[in-house]
Amino acid sequence: MIHLENVSKVYPNGTEALKKLSLDIRPGEFVFVVGPSGAGKSTFLKLLIREEKASFGKLVVNGQDLMKMRKRKVPYLRRTMGIVFQDFRLIDKMTIYDNVAFAMRVIGTPEKAVKKRVKYVLKLVGLEGTEKRRPNELSGGEQQRVSLARALVNNPELLIADEPTGNIDPERSHEIMKMLVEINKRGTTVIIVTHEHDLVKEFGGRVIRIADGEITHDAFLPSEYHPDTPKGTDDEDETKEETV
């Protein structure tokens, strides 16, 4: 699903944000990307959604070569994935229903199918009954769930979440994480960029740590939500603790 081979990103000012990253993320994985501020986590995410283009290396997402992709093809790439942004990126002048429906309407989905799917995903994230309200009428946690519903509405095979719990209280953070785990159990590959180490330790899964633009750890962290350690991974306590 995702393949990086010696991928580097150098910005015009000379900053080398990522240095020869190589990794594969397989379909159905649940992955945390962690690391200190300025480590390169956000750049990594931006490369995956082609908001930025890698400077060197090979990068393939959902079968598409992002190094060779023309700008006009980028919207089609993003239609194959769901993206939950840290700042929500909801459209204030639209109702909650229209914010979620927008992604389906862009690809020409019949309105009858839009109505059925939007109703389903809003119920999935616990927001049934909010269809006619606007984003500024909701709490931060509710807006984050709208963002999650919008990401899920086209039933993507890949869901990428940038600090999905960064703007909400601990109780809501836990709810969002449980939703992401359930979505993953239904077959969706989930990648979460976060600094919330306590949530990483609680929910587990594959944990990739980036520091100074390089992958410093890549290991599986068992938990009650992800109890099975994949064959060939290192699950020693010391490794797990250092990874997060």
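Is Asn6 buried, exposed or partly exposed? At 42% relative accessibility, Asn6 counts as partly exposed, where buried means under 20% relative accessible area, exposed over 50%, and partly exposed in between (1.4 Å probe, protein chains only). The model is predicted, so local features need pLDDT of at least 70 and side-chain atom pairs count only at pLDDT 80 or more, while totals for chains, interfaces and linings use all residues. Residues are numbered from 1 along each chain as its sequence is written, and side-chain values use heavy atoms, with hydrogens and water left out.

The chain has 8 helices and 10 strands; helices (H or I, at least four residues) and strands (E, at least two) are DSSP runs, numbered from the N terminus. The radius of gyration is 18 Å, close to the 18 Å that the globule rule gives for 244 residues, so the chain is as compact as a globular protein of that length. That radius is taken over C-alpha atoms, and the globule rule is 2.2 Å times the number of residues to the power 0.38. Along the principal axes, the C-alpha atoms fill a box of roughly 50 × 40 × 30 Å. Of the 244 residues, 48% count as buried.

Strand S1 (residues 2–10) is joined to S2 by 6 bridges, and Val10 has Glu16 in S2 as its bridge partner. The hairpin of S1 and S2 has 5 residues between the strands, and in it Gly14 takes a positive phi near 95 degrees. At S5, 2 bridges make the join to strand S4 (residues 56–61), with Asp65 as the bridge partner of Val60.

Asn6 has a phi near 50 degrees, a positive value in a residue other than glycine. Lys20, in strand S2, likewise has a positive phi near 50 degrees and is not a glycine. Lys20 is exposed, with a relative accessible area of 63%.

The largest pocket holds about 540 Å³ of space. On a 1 Å grid over the protein atoms alone, a cavity is a set of points where a 1.4 Å probe fits but cannot get out, and a pocket is an open set with protein on both sides within 12 Å along at least five of seven lines; lining residues have an atom within 4 Å of a point. Grid points are joined across faces, edges and corners, and a volume is the space filled by probe spheres set on the points.

Where does this pocket lie? Domain 1 (1–80 + 157–244) and domain 2 (90–155) both give residues to its lining, so the largest pocket lies between them; the bounds come from an automatic or database domain assignment. Of the 18 lining residues, Arg78, Ile83, Phe102, Ala103 and Arg150 are the closest to the centre. Helix H2 (74–78), strand S6 (81–84), helix H3 (96–106) and helix H5 (140–152) each supply at least two lining residues, and H3 gives the most, with 4 residues. The lining divides into 10 nonpolar, 3 polar and 5 charged residues.

Definitions and conventions: Pairing = 2+ DSSP bridges. Nonpolar A, V, L, I, M, F, W, Y, C, P; charged D, E, K, R; others polar.
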